[in-house]
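My entries follow in the order I looked.

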Amino acid sequence: DEIQFVTLKNGQFPLNRKSVENRIYEIFMNSKVDLRGLRKLKRIVEDEQIKIIHTHTPRSLLIGRFLSLMTGTPIVYHVHSPAFLDSSRRLTCFINGIVERILCSGNIELIAVSNYIKSYMIGMGVTKSRISVVYNGIKGFGKLPLRESPVSPWKFGVAALFRKRKGIECLIEAASILKSKKSSFCVRMVGGFEDKQYELLIKQKVREKGLEDIFEWVGFVNDIENELKKMDVLVLPSLYGEGLPMVILEACAAGGGVIASDIPGTNEIIDHGKDGILFQKNNAGDLAEKMYK
């Protein structure tokens, strides 16, 4: 059976899917409640004889639920992160959480990416029997590469969409502590910023701490495997909102080390001291100590 993709937001996803064989339909929603594309989506479901509608975000769940009712097609909701805790934008999180809670009532099956997300959704009132846990997986990078022991300067790195919940301020403080210890290291920042204002804020903090020679801003990349291989250690200082971080799986597949904050979802992947290192969330001193070791 073929898989057909529908993208509801313009951005990197539709651009990166252009090279795949599966068709991708672009039906952009101008807002979270823009349902004008339903008629076109209904035709796609009927013409392509779609058997299951698979949604991944509260936005797609909203339009997917209406589409399911219009066509009689079963729907599945894939839960990747807790909607009420997904970002620092409290009003947006509250609205998304309420919408998710309402739409997950009734006859709908859920896939949770971790046991933490399953527990979260049960707390939202979803019946336990309607939730299946399927851990995130990645396309393998091939045989696990053998790496030589890191040499000075150590190459730390972050790969993410940079926003408040990712704890970048904590990493900046930790880097400042490390620099005061005369440590030789650099930090590669791979990814884009959620908005220009946050980018200006973070880069200003880097300048204030005198870390411009430490931080390297790489930007968004398509070849994440190559970037991860350039890092000795991936650092993920998230404050909250992680379901099961893909980038940790990718870093491990690339043969690198991982230091991550001890939060639900992340600590479901990492057994401290075995699979990677965990530090106390939003604790720059603890992060610096773990990086220094």
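This is a predicted model: local features need pLDDT of at least 70, side-chain atom pairs count only at pLDDT 80 or more; totals for chains, interfaces and linings use all residues.

Entry 1: I try the cut-off on N282. At 53% relative accessibility, N282 counts as exposed. I find N282 in the loop between β12 and α10.

**Entry 2: another positive phi.** I noted K182 next. Phi of K182 is near 65°, again a positive value in a residue other than glycine. K182 belongs to the loop between α6 and β8. Its relative accessibility is 74%, so I log K182 as exposed. I keep the background in mind: most residues other than glycine have a negative phi, and most peptide bonds are trans.

**Entry 3: a cis bond.** Which peptide bond is cis, with omega near 0°? I find the one from S152 to P153. P153 sits in the loop between β6 (131–133) and β7.

**Entry 4: the sheet.** I traced an open sheet of six strands. I read its order as β9-β8-β7-β10-β11-β12, and the pairing is parallel. Which strands stand at the edges? They are β9 (215–219) and β12 (277–279). Each has a single partner strand, so one side of each has no neighbour in the sheet. From one strand to the next the twist averages 25°.

I then went through some pairs. β7 (residues 154–159) and β8 (residues 185–190) run parallel and are joined by six bridges. Within that pair, I have F156 bridged to V187 of β8. β7 also pairs with β10 in the parallel sense, over two bridges. There, G157 has L234 of β10 as its bridge partner. β10 and β11 pair in the parallel sense as well, over four bridges. L234 stands opposite V258 in β11.

I checked the side chains of β10. V233 and V235 point one way, L234 and L236 the other way. I mark all four as buried.

**Entry 5: the cores.** How many residues does the largest nonpolar core have? I get 45. Those with the most contacts inside it are L110, M121, L234 and I248. At least two of its residues come from each of several elements, including α3 (58–71), β5 (109–112), α5 (115–123), β10 (233–236) and α9 (246–253). A second, separate core has 29 residues, among them F162, V187, L211 and I214. Leaving out residues up to four places away in sequence, M121 touches V79, E100, C104, L110, V126 and I131.

**Entry 6: α10 and α6.** Helix α10 (residues 284–292) lies across β7, β10, β11 and β12. I note that α10 runs at about 160° to β12. Against helix α6 (residues 168–180), α10 packs at an angle of about 55°, and the two axes are 8 Å apart. I therefore call α6 and α10 oblique to each other. Their crossing is right-handed. On the α6 side I list C170, L171, E173, A174, I177 and L178 as making the contact. On the α10 side I list A284, G285, L287, A288, M291 and Y292.

**Entry 7: A174.** Is A174 buried or exposed? A174 is buried, with a relative accessible area of 0%. Beyond four places in sequence, A174 touches A284, L287, A288 and M291. A174 and M291 are 117 residues apart in sequence, with 8.5 Å from C-alpha to C-alpha.

**Entry 8: F66.** My last stop was F66 in helix α3. With a relative accessible area of 37%, F66 is partly exposed. Leaving aside neighbours within four places in sequence, I find F66 in contact with L35 and L38. I also took a distance to G256, 190 residues away along the chain: the C-alpha atoms of F66 and G256 are separated by 44 Å.

Terms used:
Residues are numbered from 1 along each chain as its sequence is written. Side-chain values use heavy atoms; hydrogens and water are left out. A nonpolar core is a set of buried Ala, Val, Leu, Ile, Met, Phe, Trp, Tyr and Cys residues joined through side-chain atoms within 4.5 Å. Buried means under 20% relative accessible area, exposed over 50%, partly exposed in between (1.4 Å probe, protein chains only). Contact means heavy atoms within 4.5 Å. Two strands pair if DSSP finds at least two bridges between them. Axes are lines fitted to C-alpha atoms, for helices over the stretch in contact, and angles run from 0 to 180 degrees between N-to-C directions. Angles under 35 degrees count as roughly parallel, over 145 as roughly antiparallel, 65 to 115 as roughly perpendicular and the rest as oblique. A crossing is left-handed if the near helix is turned anticlockwise from the far one by less than a right angle, and right-handed if clockwise.
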